[in-house]
Amino acid sequence: MPGPDASASAATATPAVAAARANAARPAHSSPRLAALAGLLADETRARFCLTLLDGRAWTAGELARSAGVAASTASEHLSKLVHGGLLTEERHGRFRYVRLANPGAAHLVEELVSHAAPEAEAPRGLRAVRASAAMARGRTCYDHLAGRLGTTLTEALTERQLLDQRCGFALTGAGLRWFGDLGLDPRGARGRPVARGCLDWTERTLHLAGAAGAALCRHAFDAGWCERTGTERAVRVTDDGERALRDLLGIAPGILR
């Protein structure tokens, strides 16, 4: 039985101590789920699939198998684990099985892990790999928003024009909401996600705009012909129309994103 000192300690525990004791009991229930989630991304093939799906599009199992250089049966097994674990969602059209990241939260998790792992990445080898790496660094999609030098340049321009406030996290100003409105966009209508969020860019090592505003701007950039995809990876390039629009709207000098 506990002695008098232990009883007195329990009786006089501060709210902070009580909360710490309550939290100490929680890992017994949450640690298996955390371990299971970590295990999903501990396999290199599954990690490669998730990185590929950061382009925000739905891929067939066969396309992902070819991109990772594994057999279709191997890809199917890994994809089933990712779907069951909640990182991916799937839909079938005829004999084709399409998968995509389950939601923005899953994409954010992968993005954050990439930003921590990127400093140890090996330099690309071969001319083709060097060019692909340079294209990804110049501009790419990060699930449903723009990243790379393109994404950070847009973020800096929005901040400099006081359309985006980064002093206490990321928030659109009143002028910023009007700027989006002038483009026919209303990022406040998205449910279950912040209007604006900073996402650490793993090539630029600074934050770019994510959240509903980042997704709306990315979608508009493609719809308006400001950007276009290059190759089969996530790389994007700014078009001539895009350079003119970004110069007129945000003062971004033409050629800076080439």
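Leaving aside neighbours within four places in sequence, Thr-141 is in contact with Leu-54, Asp-55, Cys-218, Phe-222, Arg-229, Arg-234 and Val-236, where contact means heavy atoms within 4.5 Å. The model is a predicted one, in which local features need pLDDT of at least 70 and side-chain atom pairs count only at pLDDT 80 or more, while totals for chains, interfaces and linings use all residues. Residues are numbered from 1 along each chain as its sequence is written, and side-chain values use heavy atoms, with hydrogens and water left out.

Thr-141 lies in strand β4, which comprises residues 140–142; helices (H or I, at least four residues) and strands (E, at least two) are DSSP runs, numbered from the N terminus. At 0% relative accessibility, Thr-141 counts as buried, the classes being buried under 20% relative accessible area, exposed over 50% and partly exposed in between, with a 1.4 Å probe and protein chains only. One of the contacting residues, Arg-229, is joined to Thr-141 by a side-chain to side-chain polar contact of 3.5 Å. A polar contact is a pair of N or O atoms within 3.5 Å; within protein, one must be able to donate a hydrogen and the other to accept it, and residues adjacent in sequence count only if both atoms are side-chain atoms.

When residues up to four places away in sequence are not counted, Thr-239 touches Gly-225, Trp-226, Cys-227 and Glu-228. With Gly-225 there is also a polar approach, in which a polar atom of the Thr-239 side chain lies 2.5 Å from the backbone oxygen of Gly-225.

Helix α12 contains both Arg-244 and Asp-241, which are three residues apart, about one turn of the helix. These two residues form a salt bridge whose closest N and O atoms are 2.3 Å apart, a salt bridge being a side-chain nitrogen of Lys or Arg within 4 Å of a carboxyl oxygen of Asp or Glu. Both partners are partly exposed, Arg-244 with a relative accessible area of 40% and Asp-241 with one of 44%. A further salt bridge is formed between the side chains of Asp-248 and Arg-247, with an N to O distance of 3.1 Å; here Asp-248 is exposed at 55% relative accessible area, whereas Arg-247 is partly exposed at 39%.

In helix α6 (residues 72–84), Glu-77 and Lys-81 lie four residues apart, again about one turn of the helix, and their side chains meet in a salt bridge with an N to O distance of 4.0 Å. Glu-77 is partly exposed at 46% relative accessibility, and Lys-81 falls in the partly exposed class at 38%. By the rule stated above, the count of salt bridges comes to twelve.

As for sheet structure, three strands form an open sheet in the order β1-β3-β2, with antiparallel pairing. The edge strands are β1 (59–60) and β2 (88–93), each of which pairs on one side only. Two strands are taken to pair if DSSP finds at least two bridges between them, and two bridges join β1 to strand β3 (residues 96–101), the two running antiparallel. Within this pairing, Trp-59 has Val-99 of β3 as its bridge partner. In general, strands of a sheet pair through backbone hydrogen bonds, either parallel or antiparallel.
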